[in-house]
Amino acid sequence: MEDIDPEFAGRVRPDDILAAGSNFGCGSAMEVASLVIKAAGIRVILAKSYARTFYRNAINSGLLPIETDTNDIMTDDQLRIVVEGSNISIRNLTKGVTQKASAPGGIILKIFEAGGLVNYISSTGDFPTRLTPNVA
């Protein structure tokens, strides 16, 4: 992050939310990119779009990547993320506005809640290779 914001490392605090632009994570196919973000205490990333490999690595690392418009989010805005079923509310407490986003589907939220893919598999003892609806 130093190229974009030389002060980033000194300002980031646990539970900060990272807001980015388009194609976030492009050029980084290694898991370490998402791991260092998580190690900084960030658990949620908001971006207009993600590089596919980074998106998957973020999920595996226990980050929650949310696709949303980030144009109006500024440094030091206070945000609150609320997940309600398949909907996400992004409340900008600084500006008094709320925007909506779709929650990632499948088991992504379960992996996030477990703290990452390894923790998810450790806690469940399994990883579904095929998700099927309940059929009576």
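This note goes through the fold, the surface and a few residues of a predicted model.

1. Basis. The model is predicted, so local features need pLDDT of at least 70 and side-chain atom pairs count only at pLDDT 80 or more, while totals for chains, interfaces and linings use all residues. Residues are numbered from 1 along each chain as its sequence is written, and side-chain values use heavy atoms, with hydrogens and water left out.

2. Fold. The protein chain has five helices and six strands, in the order α-β-α-β-α-β-β-β-β-α-α along the sequence. Helices (H or I, at least four residues) and strands (E, at least two) are DSSP runs, numbered from the N terminus. The radius of gyration is 16 Å, close to the 14 Å that the globule rule gives for 136 residues, so the protein chain is as compact as a globular protein of that length. That radius is taken over C-alpha atoms, and the rule is 2.2 Å times the number of residues to the power 0.38. Along the principal axes, the C-alpha atoms fill a box of roughly 50 × 35 × 25 Å.

3. Of the 136 residues in the protein chain, 37% are buried. Buried means under 20% relative accessible area, exposed over 50%, and partly exposed in between (1.4 Å probe, protein chains only). Among contacts (heavy atoms within 4.5 Å) with a separation of 6 or more, 48% join residues 24 or more positions apart.

4. Surface and charge. The protein chain exposes about 8500 Å², of which carbon and sulfur atoms supply 51%. Accessible areas come from the Shrake-Rupley method with a 1.4 Å probe; for residues, only the protein chains shown count as cover. The 13 positive and 15 negative charges have mean positions 8 Å apart. Lys and Arg count as positive and Asp and Glu as negative, without His and the chain ends; each charge is placed at NZ of Lys, CZ of Arg, CG of Asp or CD of Glu.

5. Helix 3 and Ser34. In helix 3 (residues 52-61), the buried residues include Phe54, Asn57, Ala58 and Ser61. Their cover includes helix 2 (32-39), strand 2 (44-47), strand 3, helix 4 (108-114) and helix 5 (117-124). Ser34 is in helix 2 and is buried at 0% relative accessibility. Beyond four places in sequence, Ser34 touches Phe54, Asn57, Ala58, Ser61 and Leu63. A polar atom of the Ser34 side chain lies 3.3 Å from the backbone oxygen of Asn57. After helix 3 comes Gly62, with a positive phi near 95°.

6. Thr68. This residue lies in the loop between strand 3 (64-67) and strand 4 (79-84) and is buried, at 8% relative accessible area. Leaving aside neighbours within four places in sequence, Thr68 contacts Leu46, Ala47, Lys48, Ile90, Gln99, Lys100 and Ala101. The side chains of Thr68 and Gln99 make a polar contact (2.6 Å). Such a contact is a pair of N or O atoms within 3.5 Å; within protein, one must be able to donate a hydrogen and the other to accept it, and residues adjacent in sequence count only if both atoms are side-chain atoms.

7. Most residues other than glycine have a negative phi. Asp15, in the loop between helix 1 (8-11) and strand 1 (17-19), has a positive phi near 75° and is exposed at 57% relative accessibility. Asn23, in the loop between strand 1 and helix 2, has a positive phi of about 55° and is partly exposed at 37%.
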